[in-house]
Amino acid sequence: MANGKSFLRRNAPSFDQQVYRMSLLWPKLALGQVRRQVEAIWQGFLQPSPLSESYLITLRFRPDSNPETRVVSPELRVREGFKDLPHINPDGSLCLNVLGDWQPWMYVADYVVPWVSTWLYFYEVWHATGNWLGGGTHPDKPEHRSD
Amino acid sequence: MATAKIVFPDDRNAQLGDILRQICEELQISPTAYDQAVARYTAVCNWLEADGSVVAIFNPTIYPQGSMKIGTTVKPFGRDEYDLDFVCEFRFAVNSLQSPFHLLKLLESRLREHEVYRSILEMKNRCLRLNYANEFHLDILPACPDFSVGDSCLFVPDRKTLTWKHSNPKGYAAWFESRCEIGLKLLMESRRLMEKAEPIPPQEAAEEKAVLKRVVQLLKRWRDVRFQREPKLAPISMVLTTLAAQAYGGEHTVPAAMTSVISSLVYLVDHSNPRAYVLNPANPKEDLSERWDDAAQYRAFADGVRELHKRWNEALAATGIQNVSNQLEQLFGEPVKSAIKKQARTLQDLREKSLLRIASVGLLTSAPAAVPVRPNTFHGKR
């Protein structure tokens, strides 16, 4: 689902615009550490559906790199009968997108936060059913079976 | 026909209600199987009325009763065949027969003349059963009208005691349907008070009417799961159906109605000594709960109800879809997983159609006034 409209050459939002847009859309995700032009880290709770847990997450933004999200609590657990978590990077951050899904002209607030909520929802459904029903790459893995 | 709008539930009650509704859909007889059952009983009726049939002169009519009639069928635990109940009503006075046994014999002899029925026929205490493997058991209860009472009251034979028993399946179904409509009546009343003139749309009315039916299905399923190792101690469907219909207070959602019905059941067992009585609303002389004369049977019911109450409250308090799912599975078993999957597919469907939105605190929603969820592809390791 890579967004292939790069020929439009949209202007990338500035660092400050990213930070402002986050405060506008997600006032409850608190801006913690910030080094202007280098790095901003937000922390706060996301609850993907009414029956879901509230997850404390951190989101790190650096210009020119893929935003990085981690779940702080409750700790992510591997489902019984499985060897590891689905869609997780080797360093433990959430693997939200393939290369190309994320573009510099995108706002973290509009794109990444909704992806995190969606990830959390399908993580809970995976625990409940043993199936990852959110699609994605690695369809050969057992959690992608749709039975 | 316009395609129905896909909606993802946006509060706890709605999300839980959606899961419970999916469980019921999973358990109830499919429209195809329902049509097949109708075709089967119509064929039986035609056979009884056909030229050369000894019973044709008594104008036999066959009609559904019980869960098939009131829309509360539940797939039996651990087997494929639904039990579907029918009445075969003959128009003659009961005293024109020598004994109740003769009525059963009359129906049996005609069915035995049929090549197929002969091979799948089984005699039960009050009915004749046609066993359609992997489909359903078609239980046919022969009956004749109770002319002394009139209405839809019937006499049915009892093989063991060789006596006539009173029955009124049509009256019972009418009573149950009237209980189903309580919620709808309350809704119309509240609309009238709010001076909203617009009528309730048919779809909404059908869902309102079905709340009690869903509760009955869930209670029957709970019974099947709870008493799977001791089925002889399980309360009968008609007792559960009657208790639920009496306790139902017109709640508009399945979770709220379940909570209210379960609380009433606990109140009943806490305040009945030595046991509770469940009388047939269509015939108050009939004690539907006669099995509870056996103290062990009643204790099993009372203990079961208290456990149901505890587990239901735990399910209501749980957070995390996986934890809610675990609690519900202890009550209703396997269909819970399928229900969670169906809900997840709805969300994924919205996402693929770019209709998924996200509201404050990260709640995914189908409501239009929120931030859209943009396309992405979850990736694996490396």
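What follows is a short chat about a predicted model with chains A and B.

Q: Before we start, how are things numbered and lettered here?
A: Residues count from 1 along each chain as its sequence is written, while chains are lettered from A and ligands numbered from 1 in the order they are written. Since it's a predicted model, local features need pLDDT of at least 70 and side-chain atom pairs count only at pLDDT 80 or more, but totals for chains, interfaces and linings use all residues.

Q: OK, how many residues of chain A are in contact with chain B?
A: 44 residues of chain A are in contact with 36 residues of chain B (contact: C-beta atoms, placed from the backbone, within 7 Å).

Q: And which element of chain A gives the most to that side?
A: That's α2(A), with 14 residues (helices are DSSP runs of H or I, at least four residues, and strands are runs of E, at least two, numbered from the N terminus).

Q: Which strands does β2(B) pair with?
A: β1(B), residues 61–65, pairs with β2(B) in the antiparallel sense over five bridges, and β5(B), residues 136–145, runs parallel to β2(B) with eight bridges (pairing takes at least two DSSP bridges).

Q: What sits across from B:Phe86 in those strands?
A: B:Phe86 is the bridge partner of B:Pro64, and B:Phe86 also stands opposite B:Ile140 in β5(B).

Note on methods
Contact = placed C-beta atoms within 7 Å.
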